[in-house]
Amino acid sequence: MSEPAIEATDLVREFKKGPRAVDGIDLRVEPGEVYGFLGPNGAGKSTAVHMLTTLLPPTSGTARVAGHDVVEDGPAVRASIGAALQEAALDPFLTGREHMKLQAALHGMRGQEGRERTQTLLERVGLTEAADRRVGGYSGGMKRRLDLALALVHRPRILFLDEPTTGLDVQSRGALWHEVQRLASDRGVTVFLTTQYLEEADVLADRVGIIDHGRIVAEGTPEALKAEIGRPSVEVIPAEPGDLARMKEVLARFGESATASPKGAAVRLAGGDAQLAEVVRALDAESISVEAIALHAPTLDDVFLEKTGRSLEGEADNPPAEPAEAEEPVPA
Amino acid sequence: MLARRSVVRTLRQPAMVVPSIIFPLILLSINSSGLDSTTKIPGFPTDSYFEFALAIAFVQGALFSANSAGTNVANDIESGFLNRLALTPLGRVALMMGQLSGILVLGLIQALTFLGFGIAFGAGIQAGIGGAVVIVLLSLTISLAFGCIGAFVALRSGTGEAVQGVFPLFFAALFLSSMALPRDLIEVNWFQTVATYNPVSYMLEGIRSLVITGWDGQAIALGFACAGGLAILALAAASSALRTRMVRT
């Protein structure tokens, strides 16, 4: 088995006046993998990233990144990684090009090499036209793209992205996803991505680690994690809004309540897909007309709910934008 | 490159550059016209209060450097830019000197402006062209000293508000010095004592001696000793604070 790109063993970080932000996590990320670290605000994602990127020493435990110990060999780790942290750490008084040139120079790329690398990356992230404008005038999406370009200047083999699309619009988010996917597939870059957005982890990650209160509560491929739950949910919108309360009572017989649109109700089917027909018959028996009914496969939020008893979507400060292909209930 | 960045971002902030030049000149103009009769006090070293007060502008400009340096460092901390720098191979010393380069350039612009203003409005530099060069060097040393203090406050606190909060203390240190009168003419005992132990007095007197006396070796040496000593102490403190703030392994 090849050496992992990132490996952590019982990693802990305690702060003086608070609980353990990271409470003993074990990680193994293979080279070329996109690993999604999913959890709500305050779960310990950023603290874990700060430790893995040598910005914060662990309280206990060990971690190795690119084959180097994060405590004993910090400079070697930093030379191997790129990081776009939670804040797009940019100087509003410098232009995009000046940022790139500075970053290149700090990584030992000067003169022609630095200029060429700057131009290449600016083109790749679509900032050529805005390159000579001050960053203070950039949009959030532009700042994030510049942040990503800066993290890639020295051609790192491992890239840390800490909530890279928080606060971005759908289009900017999609553009950033595309670039991350390209990095991983075309260039074999290992990507460690933290996010509070289910869809982001679902779309981008080869494997997902779900973190809550500093501990990893579940880990695996998105498909495997969802298959563990195995139970789909059914969402129903009544034809008559006045029937909503009665409809909820009927649905409650078939499982736990699940997230639904404001006009309808949803339950997680304890008996799986096969119960759909029973749901329809039960509603019919109560003379409840249905405007639309939809069967939803399990989501990573369902996984989080199963493991922690809480919904991840309910905890997000910035709920994700509606997916481009929204799952609209099928008209009955 | 980091030094270049510090210079560029400082010069691109007119709100930092212009007041640090205009305010001392305004105060110089007001004080020199309003306090001109002070020169009649027996033992006053010159007939021109304008020449006497010119040194104040240099030190006031340096105090603005403290604010400028501190604010820039605090902004880097708050924005996360310091973390970006921490992820590069850059060493702490190089990082600190890079951060301070901007205030040295600002200090040079200030010094040349104040010198030019002074000469244009009739101040004679008794120590000549060489003395003017020494004035600029001493002024830069003072700017570095106060800039390091500003950086230290920013690195310890992590906020621009703390830097702004400390700024008035610097002006208090200026007022409790031989700013308005030579030390030997200060009649209030406690004030004279404070001014005697206040290193700002010697910075002022070092510059002042080159303007109104000529080559006063003791005054110049004390000026550089106080400014240089403060710069070394403040740089050490700022470096230590940077080590704590930038806790990379």
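What follows looks at one strand, then at the chain around it.

Tutor: This is a predicted model, in which local features need pLDDT of at least 70, side-chain atom pairs count only at pLDDT 80 or more, and totals for chains, interfaces and linings use all residues. Residues are numbered from 1 along each chain as its sequence is written, while chains are lettered from A and ligands numbered from 1 in the order in which they are written.

Take strand S1 of chain A, residues 6-14. Strands here are DSSP runs of E, at least two residues, numbered from the N terminus. S1(A) has two partners to follow. One is strand S2 of chain A, residues 20-29. The two run antiparallel, joined by seven bridges. (Pairing requires at least two DSSP bridges between strands.) Five residues separate S1(A) from S2(A), and the two strands form a hairpin. Look at A:Glu7: opposite it, in S2(A), stands A:Arg28.

Now turn to strand S4 of chain A, residues 60-65. S1(A) pairs with S4(A) over five bridges, again in the antiparallel sense. Here A:Thr9 faces A:Thr62, which belongs to S4(A).

Next, the setting. Chain A is assigned domain 1 (6-226) and domain 2 (230-331), with bounds from an automatic or database assignment. The centres of these domains in chain A, taken over C-alpha atoms, are 35 Å apart.

Chain A also touches chain B. That contact takes 24 residues from chain A and 19 residues from chain B, counting residues whose C-beta atoms, placed from the backbone, lie within 7 Å.

Terms used
Two residues are in contact if their C-beta atoms, placed from the backbone, lie within 7 Å. Helices (H or I, at least four residues) and strands (E, at least two) are DSSP runs, numbered from the N terminus.
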